[in-house]
Amino acid sequence: TYTEMASIPLGFNIDIPRWDQSTFMGRLKHFFNVTDPRTVLVPEKELDQAKAMVESCRAGLVPPGSSQEQLLYAKKLYDSAFHPDSGEKMNLIGRMSFQVPGGMALTGCMLQFYRTVPAVVFWQWVNQSFNAIVNYTNRNAASTVSLRQLGVAYITATGTALATAVGLNLYTKRAPPLLARWVPFAAVAAANCVNIPLMRQQEIINGVTVTDKDNNELGQSRRAAVKGIAQVVVSRITMAAPGMIILPIIMERLEKIPFMQRIRVLHAPLQVLLCGGFLLFMVPAACALFPQRCSLAVADLEQELHDSIMAKHGDKVPYVYFNKGL
């Protein structure tokens, strides 16, 4: 119960990550923690309890007898399941902690069933449906998106993926077999370049909220939105690249072994498991490429916002900060 409270350990701030977020290794450790796929198995009740503990800690109080490790574990569950902007619980499929189990199944199937057009169409459609949910869930929550905009983004991204996949699939019929295996990655990369900006178009149109280093709001910036979304596109393509580029080479060689030719029924499960191995490392690594609290020099902002900040703060605010999403 929260009727009796105890003081937080001296100097402890639950919102400061355990590792230095200005370095890649610090961010990698942080996202290994946040994207831990085991957290998707945590019951809803325990997630709600973790949120309550985090909010109590922010208020300056925690349940009596709570250790710092318990607080850190509560924050891990909170970060894995609740949106950093709104604090609302994210749907299970859209959470970054679901990227390994969800992504390994879809990526494995895309890489395995690439030979026929119907199979390509079906798995690309399923994958883009999954991506649309992930992109919407991890947007900057300060920007609202209408159902019509969501529909346009989903249809356009799915159409781009299908056109790329089917077109390249037909084009590579006479090419070396390995090139055909790389078609799914080309389709995924092309779709990410369309899906993410469209799904988050309101941020580009209206801008995202930017703050100073102390989280004081300074205004809305479209340039900040463009920078954040571009970084997310690069991260998502990087997340998929090793598994979808290296794994086809591995499978191409394995499938020539006589033993593997006798157990064709196991090729798909094997490919799914190997995808999981790649994603287990690549999900946190891709998320860690850029700081989640993105920064932009005031000099690079829109002229109107730049002038407004300079008029109020002068040279005291050299950079603005914002959540780029994941």
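Modeller: Let's start with residues 228-251, a span that is 100% helix and 0% strand, with its end C-alpha atoms 35 Å apart. Helices here are DSSP runs of H or I with at least four residues, strands are E runs of at least two, and both are numbered from the N terminus. Bear in mind that this is a predicted model, where local features need pLDDT of at least 70, side-chain atom pairs count only at pLDDT 80 or more, and totals for chains, interfaces and linings use all residues. Residues are numbered from 1 along each chain as its sequence is written, and side-chain values use heavy atoms, with hydrogens and water left out.

The "transmembrane region" label comes from an unreviewed UniProt entry, which puts it at residues 151-171, 228-251 and 272-291; such annotations may be inferred rather than shown by experiment. Over residues 272-291, the chain is 80% helix and 0% strand, and the end C-alpha atoms lie 30 Å apart.

Now for Glu252, which belongs to helix α10 (residues 222-254). Glu252 counts as buried because its relative accessible area is 18%, buried being under 20%, exposed over 50% and partly exposed in between (1.4 Å probe, protein chains only). Leaving aside residues up to four places away in sequence, Glu252 touches Pro177, Leu178 and Arg181, where contact means heavy atoms within 4.5 Å.

As for cysteines, the disulfide count is zero, taking a disulfide as a pair of cysteine sulfur atoms within 2.5 Å. Cys294 is in none, and its nearest cysteine sulfur, that of Cys287, is 14 Å away. Cys294 is also buried, at 3% relative accessible area.
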